[in-house]
Amino acid sequence: MKNYFALLFALFLLYGCGGSNEKKQELIPYELHGEAQGTTFTVKYLSKDSLDLSREVMDILVNIDQELSLWVDSSELCKFNRQSLSTRYIDSSSIYFPSVFKLSKEVFQRTNGAFNPAVMPLVKYWGFARKSEHPEQIDSLKIDSLMQHISFNMVQLVGAGFVYAVADFDLQLDFNAVAQGYSVDVIAELLTKNNIEHYMVEIGGEVVAKGKNAQGEWWTIGIDKPKDNNTDRELQAVVQLENRALATSGNYRKFYEKDGIKYSHTIDPSTGYPVQHTLLSASVFASDCGTADAYATAFMVMGVEKTKEFLKENPDLKLDVYLIFSDEKGEFKTWISEGIKGKIDEEN
Ligand code: AMP
Ligand code: MG
(Lines give C-alpha, C1' and ligand atoms only; values in the text may rest on other atoms or scores of the structure.)
(Ligands and ions follow the chains in the order given, each with its own letter.)
Protein backbone atom coordinates (compact mmCIF):
# COMPACT_ATOMS: atom_id res chain seq x y z
CA MET A 1 0.00 0.00 0.00
CA LYS A 2 1.23 3.47 -0.77
CA ASN A 3 1.55 6.72 1.10
CA TYR A 4 -1.53 8.26 -0.33
CA PHE A 5 -5.03 7.24 -0.66
CA ALA A 6 -6.94 8.82 -3.44
CA LEU A 7 -10.12 7.58 -4.88
CA LEU A 8 -11.04 8.86 -8.25
CA PHE A 9 -14.40 7.45 -8.82
CA ALA A 10 -16.25 7.18 -12.02
CA LEU A 11 -19.45 5.35 -12.48
CA PHE A 12 -20.50 4.60 -15.99
CA LEU A 13 -23.89 3.33 -16.79
CA LEU A 14 -23.09 1.66 -20.04
CA TYR A 15 -25.73 0.06 -22.14
CA GLY A 16 -28.38 -2.54 -21.53
CA CYS A 17 -27.25 -5.93 -22.68
CA GLY A 18 -29.17 -8.93 -23.72
CA GLY A 19 -26.25 -10.68 -25.39
CA SER A 20 -26.30 -13.83 -23.37
CA ASN A 21 -28.92 -16.40 -24.23
CA GLU A 22 -28.98 -17.65 -20.64
CA LYS A 23 -30.27 -14.29 -19.43
CA LYS A 24 -33.80 -13.36 -20.31
CA GLN A 25 -33.99 -10.31 -18.09
CA GLU A 26 -31.95 -7.38 -19.27
CA LEU A 27 -28.81 -6.79 -17.22
CA ILE A 28 -27.29 -3.37 -16.79
CA PRO A 29 -23.47 -3.26 -16.96
CA TYR A 30 -21.70 -0.98 -14.48
CA GLU A 31 -18.06 0.00 -14.29
CA LEU A 32 -16.25 1.66 -11.39
CA HIS A 33 -12.67 2.89 -11.68
CA GLY A 34 -10.48 4.51 -9.07
CA GLU A 35 -7.26 4.57 -7.14
CA ALA A 36 -6.65 2.79 -3.84
CA GLN A 37 -3.77 1.16 -2.00
CA GLY A 38 -1.26 2.96 -4.21
CA THR A 39 -2.65 1.42 -7.37
CA THR A 40 -5.76 1.43 -9.54
CA PHE A 41 -8.89 -0.63 -9.29
CA THR A 42 -11.75 -1.66 -11.53
CA VAL A 43 -15.09 -3.15 -10.60
CA LYS A 44 -17.43 -4.35 -13.35
CA TYR A 45 -20.80 -5.88 -12.70
CA LEU A 46 -24.10 -6.67 -14.33
CA SER A 47 -27.19 -5.82 -12.36
CA LYS A 48 -30.87 -6.55 -12.93
CA ASP A 49 -31.82 -3.28 -11.30
CA SER A 50 -30.23 0.10 -11.27
CA LEU A 51 -27.64 -0.28 -8.53
CA ASP A 52 -24.81 2.16 -7.87
CA LEU A 53 -22.38 0.61 -5.38
CA SER A 54 -19.62 3.20 -5.74
CA ARG A 55 -20.13 4.59 -2.24
CA GLU A 56 -20.03 1.16 -0.59
CA VAL A 57 -16.91 0.17 -2.52
CA MET A 58 -15.21 3.39 -1.48
CA ASP A 59 -16.17 2.88 2.17
CA ILE A 60 -14.75 -0.66 2.16
CA LEU A 61 -11.43 0.51 0.71
CA VAL A 62 -11.13 3.32 3.25
CA ASN A 63 -11.96 0.96 6.14
CA ILE A 64 -9.48 -1.67 4.99
CA ASP A 65 -6.73 0.97 4.86
CA GLN A 66 -7.74 2.10 8.33
CA GLU A 67 -6.95 -1.41 9.58
CA LEU A 68 -4.23 -2.84 7.34
CA SER A 69 -2.28 -0.05 5.68
CA LEU A 70 1.34 0.65 6.55
CA TRP A 71 0.93 4.03 4.87
CA VAL A 72 -1.78 5.27 7.21
CA ASP A 73 -0.11 6.07 10.55
CA SER A 74 -3.38 5.72 12.44
CA SER A 75 -4.15 2.25 10.99
CA GLU A 76 -4.62 -0.65 13.37
CA LEU A 77 -1.57 -2.32 11.84
CA CYS A 78 0.67 0.73 12.45
CA LYS A 79 -0.65 0.96 16.01
CA PHE A 80 0.00 -2.76 16.50
CA ASN A 81 3.59 -2.34 15.24
CA ARG A 82 4.21 0.57 17.58
CA GLN A 83 3.18 -1.39 20.69
CA SER A 84 6.44 -2.94 21.90
CA LEU A 85 4.58 -5.03 24.39
CA SER A 86 3.87 -8.67 25.11
CA THR A 87 0.13 -8.06 24.89
CA ARG A 88 -1.04 -5.89 22.05
CA TYR A 89 -4.52 -4.63 21.34
CA ILE A 90 -6.31 -3.52 18.23
CA ASP A 91 -9.63 -1.70 18.13
CA SER A 92 -12.49 -4.05 18.97
CA SER A 93 -14.46 -2.94 15.92
CA SER A 94 -11.72 -4.33 13.63
CA ILE A 95 -12.88 -7.01 11.21
CA TYR A 96 -10.25 -7.08 8.49
CA PHE A 97 -7.13 -7.28 10.69
CA PRO A 98 -8.16 -10.49 12.53
CA SER A 99 -9.31 -12.09 9.32
CA VAL A 100 -6.08 -11.31 7.43
CA PHE A 101 -4.07 -12.40 10.47
CA LYS A 102 -5.79 -15.83 10.47
CA LEU A 103 -5.36 -16.30 6.73
CA SER A 104 -1.69 -15.32 7.07
CA LYS A 105 -1.12 -17.86 9.85
CA GLU A 106 -2.59 -20.59 7.69
CA VAL A 107 -0.42 -19.78 4.68
CA PHE A 108 2.65 -19.26 6.88
CA GLN A 109 2.22 -22.76 8.32
CA ARG A 110 1.43 -24.41 5.00
CA THR A 111 4.44 -22.85 3.26
CA ASN A 112 6.84 -23.56 6.10
CA GLY A 113 7.37 -19.85 6.61
CA ALA A 114 8.03 -18.88 2.97
CA PHE A 115 5.07 -16.54 3.37
CA ASN A 116 5.79 -14.60 6.52
CA PRO A 117 4.25 -11.20 7.38
CA ALA A 118 6.70 -10.86 10.29
CA VAL A 119 9.48 -10.30 7.74
CA MET A 120 8.82 -6.55 8.16
CA PRO A 121 12.21 -5.62 9.77
CA LEU A 122 13.95 -7.07 6.71
CA VAL A 123 11.57 -5.35 4.29
CA LYS A 124 12.66 -2.14 6.03
CA TYR A 125 16.35 -3.06 5.99
CA TRP A 126 16.30 -3.71 2.26
CA GLY A 127 14.55 -0.40 1.61
CA PHE A 128 11.16 -1.65 0.48
CA ALA A 129 9.12 -0.14 3.28
CA ARG A 130 7.78 3.38 3.60
CA LYS A 131 10.49 5.90 4.56
CA SER A 132 13.21 3.22 4.32
CA GLU A 133 16.23 3.41 2.04
CA HIS A 134 18.27 0.81 0.21
CA PRO A 135 21.39 -0.05 2.24
CA GLU A 136 24.63 1.54 1.03
CA GLN A 137 26.63 -1.50 2.12
CA ILE A 138 25.11 -4.87 2.83
CA ASP A 139 25.74 -5.65 6.48
CA SER A 140 25.42 -9.40 7.09
CA LEU A 141 25.73 -8.99 10.87
CA LYS A 142 22.83 -6.57 10.87
CA ILE A 143 20.81 -9.02 8.76
CA ASP A 144 21.62 -11.82 11.24
CA SER A 145 20.43 -9.70 14.12
CA LEU A 146 17.20 -8.76 12.33
CA MET A 147 16.64 -12.46 11.56
CA GLN A 148 16.14 -12.95 15.31
CA HIS A 149 12.95 -10.89 15.11
CA ILE A 150 11.02 -12.25 12.17
CA SER A 151 9.29 -15.24 13.71
CA PHE A 152 5.55 -15.15 13.03
CA ASN A 153 5.25 -17.93 15.64
CA MET A 154 5.98 -15.27 18.26
CA VAL A 155 2.49 -13.82 17.88
CA GLN A 156 -0.78 -15.54 18.71
CA LEU A 157 -4.35 -14.41 18.56
CA VAL A 158 -6.09 -14.45 21.91
CA GLY A 159 -9.84 -14.96 21.81
CA ALA A 160 -11.94 -13.18 19.22
CA GLY A 161 -9.21 -11.23 17.47
CA PHE A 162 -8.53 -7.95 19.24
CA VAL A 163 -5.88 -9.17 21.66
CA TYR A 164 -2.55 -10.61 20.58
CA ALA A 165 0.08 -12.31 22.73
CA VAL A 166 3.50 -11.34 21.42
CA ALA A 167 6.63 -13.09 22.69
CA ASP A 168 9.02 -10.76 20.86
CA PHE A 169 8.82 -7.03 21.63
CA ASP A 170 10.46 -6.19 18.31
CA LEU A 171 7.96 -8.11 16.20
CA GLN A 172 6.32 -6.08 13.45
CA LEU A 173 3.91 -7.16 10.76
CA ASP A 174 3.53 -6.31 7.08
CA PHE A 175 0.37 -7.57 5.35
CA ASN A 176 1.20 -6.07 1.96
CA ALA A 177 1.60 -9.50 0.38
CA VAL A 178 -1.99 -10.43 1.11
CA ALA A 179 -4.03 -7.26 1.77
CA GLN A 180 -4.67 -6.35 -1.86
CA GLY A 181 -6.04 -9.78 -2.74
CA TYR A 182 -8.04 -9.81 0.47
CA SER A 183 -9.58 -6.40 -0.39
CA VAL A 184 -10.73 -7.84 -3.72
CA ASP A 185 -12.56 -10.59 -1.78
CA VAL A 186 -14.29 -8.07 0.47
CA ILE A 187 -15.61 -6.12 -2.52
CA ALA A 188 -16.64 -9.37 -4.23
CA GLU A 189 -18.60 -10.25 -1.09
CA LEU A 190 -20.39 -6.89 -1.24
CA LEU A 191 -21.48 -7.64 -4.80
CA THR A 192 -22.65 -11.14 -3.90
CA LYS A 193 -24.62 -9.76 -0.96
CA ASN A 194 -26.36 -7.44 -3.41
CA ASN A 195 -27.45 -10.45 -5.47
CA ILE A 196 -25.05 -9.69 -8.30
CA GLU A 197 -24.10 -12.88 -10.11
CA HIS A 198 -21.83 -11.50 -12.80
CA TYR A 199 -18.85 -9.39 -11.83
CA MET A 200 -15.12 -8.79 -11.99
CA VAL A 201 -13.19 -7.02 -9.23
CA GLU A 202 -9.57 -6.05 -9.75
CA ILE A 203 -7.10 -4.11 -7.57
CA GLY A 204 -3.57 -3.69 -8.91
CA GLY A 205 -3.78 -6.90 -10.94
CA GLU A 206 -5.34 -9.10 -8.23
CA VAL A 207 -8.72 -10.28 -9.50
CA VAL A 208 -11.89 -12.16 -8.69
CA ALA A 209 -14.36 -13.04 -11.45
CA LYS A 210 -17.84 -14.47 -11.04
CA GLY A 211 -20.25 -15.49 -13.77
CA LYS A 212 -19.90 -13.95 -17.23
CA ASN A 213 -19.18 -10.54 -18.75
CA ALA A 214 -21.58 -8.27 -20.68
CA GLN A 215 -21.02 -10.34 -23.81
CA GLY A 216 -22.07 -13.50 -21.98
CA GLU A 217 -18.49 -14.86 -22.03
CA TRP A 218 -16.12 -15.84 -19.23
CA TRP A 219 -14.11 -12.91 -17.96
CA THR A 220 -10.60 -12.74 -19.41
CA ILE A 221 -7.57 -11.24 -17.64
CA GLY A 222 -4.15 -10.33 -19.00
CA ILE A 223 -0.92 -11.46 -17.32
CA ASP A 224 2.03 -9.09 -17.78
CA LYS A 225 5.33 -9.99 -19.34
CA PRO A 226 7.81 -9.74 -16.45
CA LYS A 227 9.78 -6.89 -17.95
CA ASP A 228 12.00 -4.71 -15.78
CA ASN A 229 10.78 -1.42 -17.15
CA ASN A 230 7.21 -1.11 -15.98
CA THR A 231 6.35 1.67 -18.37
CA ASP A 232 5.34 -0.19 -21.51
CA ARG A 233 3.08 -2.97 -20.42
CA GLU A 234 3.08 -6.04 -22.61
CA LEU A 235 1.00 -9.15 -22.09
CA GLN A 236 2.54 -12.58 -21.68
CA ALA A 237 -0.80 -14.38 -21.66
CA VAL A 238 -4.55 -13.96 -21.44
CA VAL A 239 -6.42 -16.22 -19.05
CA GLN A 240 -10.03 -17.17 -18.73
CA LEU A 241 -11.29 -16.89 -15.15
CA GLU A 242 -14.23 -19.16 -14.43
CA ASN A 243 -15.59 -18.25 -10.99
CA ARG A 244 -12.12 -17.96 -9.56
CA ALA A 245 -9.51 -15.58 -8.16
CA LEU A 246 -6.11 -14.77 -9.65
CA ALA A 247 -3.13 -12.98 -8.09
CA THR A 248 0.34 -12.38 -9.50
CA SER A 249 3.62 -11.65 -7.74
CA GLY A 250 6.70 -10.68 -9.68
CA ASN A 251 10.25 -9.61 -9.08
CA TYR A 252 9.92 -7.04 -11.88
CA ARG A 253 7.35 -4.99 -9.95
CA LYS A 254 9.54 -3.45 -7.25
CA PHE A 255 13.30 -3.82 -7.29
CA TYR A 256 16.60 -1.99 -7.57
CA GLU A 257 20.01 -2.86 -8.95
CA LYS A 258 23.33 -2.44 -7.18
CA ASP A 259 26.71 -3.62 -8.47
CA GLY A 260 24.98 -5.66 -11.15
CA ILE A 261 22.77 -7.51 -8.66
CA LYS A 262 19.03 -7.17 -8.73
CA TYR A 263 17.30 -6.85 -5.35
CA SER A 264 13.56 -7.41 -5.47
CA HIS A 265 10.91 -6.78 -2.82
CA THR A 266 10.27 -10.44 -2.02
CA ILE A 267 12.39 -11.44 0.97
CA ASP A 268 13.34 -15.06 1.61
CA PRO A 269 12.69 -15.38 5.36
CA SER A 270 15.12 -18.32 5.58
CA THR A 271 18.11 -16.26 4.40
CA GLY A 272 17.12 -12.68 5.18
CA TYR A 273 17.99 -11.67 1.61
CA PRO A 274 15.78 -10.73 -1.33
CA VAL A 275 15.08 -13.85 -3.39
CA GLN A 276 17.58 -14.56 -6.14
CA HIS A 277 16.45 -17.13 -8.65
CA THR A 278 15.09 -17.63 -12.12
CA LEU A 279 11.39 -17.32 -11.27
CA LEU A 280 10.20 -13.95 -12.59
CA SER A 281 6.50 -14.12 -11.88
CA ALA A 282 4.00 -16.42 -10.19
CA SER A 283 0.29 -16.20 -10.97
CA VAL A 284 -1.89 -18.18 -8.60
CA PHE A 285 -5.49 -19.27 -9.17
CA ALA A 286 -7.55 -20.00 -6.06
CA SER A 287 -11.12 -19.84 -4.86
CA ASP A 288 -10.43 -16.54 -3.08
CA CYS A 289 -8.03 -13.73 -3.86
CA GLY A 290 -6.44 -13.31 -0.41
CA THR A 291 -5.27 -16.91 -0.59
CA ALA A 292 -4.10 -16.48 -4.19
CA ASP A 293 -2.14 -13.34 -3.23
CA ALA A 294 -0.43 -14.93 -0.22
CA TYR A 295 0.61 -18.05 -2.15
CA ALA A 296 1.82 -15.98 -5.10
CA THR A 297 4.30 -14.31 -2.74
CA ALA A 298 5.24 -17.65 -1.15
CA PHE A 299 5.92 -19.18 -4.59
CA MET A 300 8.22 -16.28 -5.48
CA VAL A 301 10.21 -17.27 -2.38
CA MET A 302 10.15 -21.00 -3.22
CA GLY A 303 11.15 -20.73 -6.87
CA VAL A 304 10.09 -22.98 -9.76
CA GLU A 305 10.94 -26.49 -8.58
CA LYS A 306 9.79 -26.10 -4.98
CA THR A 307 6.51 -24.58 -6.16
CA LYS A 308 5.86 -27.61 -8.39
CA GLU A 309 6.62 -29.93 -5.46
CA PHE A 310 4.39 -27.90 -3.16
CA LEU A 311 1.44 -28.21 -5.56
CA LYS A 312 1.93 -31.97 -5.74
CA GLU A 313 2.03 -32.26 -1.96
CA ASN A 314 -0.93 -29.97 -1.27
CA PRO A 315 -3.70 -30.91 -3.71
CA ASP A 316 -6.39 -30.08 -1.12
CA LEU A 317 -5.62 -26.36 -1.54
CA LYS A 318 -6.93 -26.58 -5.12
CA LEU A 319 -4.46 -24.03 -6.41
CA ASP A 320 -3.38 -23.60 -10.01
CA VAL A 321 -0.25 -21.79 -11.05
CA TYR A 322 1.23 -20.08 -14.08
CA LEU A 323 4.98 -19.50 -13.71
CA ILE A 324 7.21 -17.35 -15.88
CA PHE A 325 10.94 -17.95 -15.43
CA SER A 326 14.14 -17.35 -17.34
CA ASP A 327 16.27 -20.15 -18.81
CA GLU A 328 20.10 -20.26 -18.99
CA LYS A 329 20.01 -17.95 -22.01
CA GLY A 330 17.84 -15.44 -20.20
CA GLU A 331 14.79 -16.22 -22.30
CA PHE A 332 11.29 -16.42 -20.88
CA LYS A 333 9.92 -19.89 -20.25
CA THR A 334 6.56 -20.77 -18.75
CA TRP A 335 4.98 -23.59 -16.78
CA ILE A 336 1.23 -24.16 -16.50
CA SER A 337 -0.33 -26.43 -13.88
CA GLU A 338 -2.69 -29.16 -15.10
CA GLY A 339 -5.95 -27.54 -13.93
CA ILE A 340 -5.63 -24.42 -16.09
CA LYS A 341 -4.24 -25.92 -19.27
CA GLY A 342 -6.60 -24.82 -22.03
CA LYS A 343 -7.63 -21.70 -20.14
CA ILE A 344 -4.44 -19.79 -20.85
CA ASP A 345 -3.71 -18.21 -24.19
CA GLU A 346 0.01 -17.42 -24.43
CA GLU A 347 0.75 -14.42 -26.57
CA ASN A 348 3.46 -15.79 -28.87
P1 AMP B 1 3.39 -9.31 -3.29
O2 AMP B 1 3.52 -8.25 -4.33
O3 AMP B 1 1.97 -9.70 -3.01
O4 AMP B 1 4.25 -10.50 -3.57
O5 AMP B 1 3.88 -8.68 -1.91
C6 AMP B 1 5.18 -8.22 -1.76
C7 AMP B 1 5.31 -7.43 -0.47
O8 AMP B 1 5.12 -8.31 0.65
C9 AMP B 1 6.67 -6.82 -0.25
O10 AMP B 1 6.72 -5.53 -0.80
C11 AMP B 1 6.81 -6.83 1.26
O12 AMP B 1 6.14 -5.72 1.81
C13 AMP B 1 6.09 -8.08 1.67
N14 AMP B 1 6.95 -9.29 1.71
C15 AMP B 1 8.20 -9.47 1.23
N16 AMP B 1 8.62 -10.74 1.42
C17 AMP B 1 7.62 -11.39 2.04
C18 AMP B 1 7.44 -12.74 2.51
N19 AMP B 1 8.38 -13.67 2.34
N20 AMP B 1 6.25 -13.04 3.10
C21 AMP B 1 5.27 -12.12 3.26
N22 AMP B 1 5.39 -10.84 2.84
C23 AMP B 1 6.53 -10.47 2.23
MG1 MG C 1 1.05 -11.51 -2.63
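Donors are N, O and S atoms within 2.8 Å of the metal (3.2 Å for Na, K and Ca), and because water is not among the atoms, sites may look incomplete. This is a predicted model, in which local features need pLDDT of at least 70 and side-chain atom pairs count only at pLDDT 80 or more, while totals for chains, interfaces and linings use all residues. Residues are numbered from 1 along each chain as its sequence is written, and side-chain values use heavy atoms, with hydrogens and water left out.

**View 1. The protein donors of the magnesium ion (ligand 2).** Asp293 and Thr297 are separated by about one helical turn because they are four residues apart in helix H7 (residues 289-313); helices (H or I, at least four residues) and strands (E, at least two) are DSSP runs, numbered from the N terminus. Asp293 and Thr297 are buried, which means under 20% relative accessible area with a 1.4 Å probe and protein chains only.

**View 2. The open sheet of three strands.** The strands follow the order S4-S6-S5 with antiparallel pairing, where two strands pair if DSSP finds at least two bridges between them. Strand S4 (87-89) and S5 stand at the edges with a single partner strand each, so one side of each is left without a neighbour in the sheet.

**View 3. The hairpin of S5 and S6.** Strand S5 (residues 155-158) is joined to the antiparallel strand S6 (residues 163-166) by four bridges. Gln156 stands opposite Ala165, and Leu157 opposite Tyr164. Four residues lie between the strands, and Gly159 takes a positive phi near 70 degrees.

Technical notes
Chains are lettered from A and ligands numbered from 1 in the order in which they are written. Buried means under 20% relative accessible area, exposed over 50%, partly exposed in between (1.4 Å probe, protein chains only).
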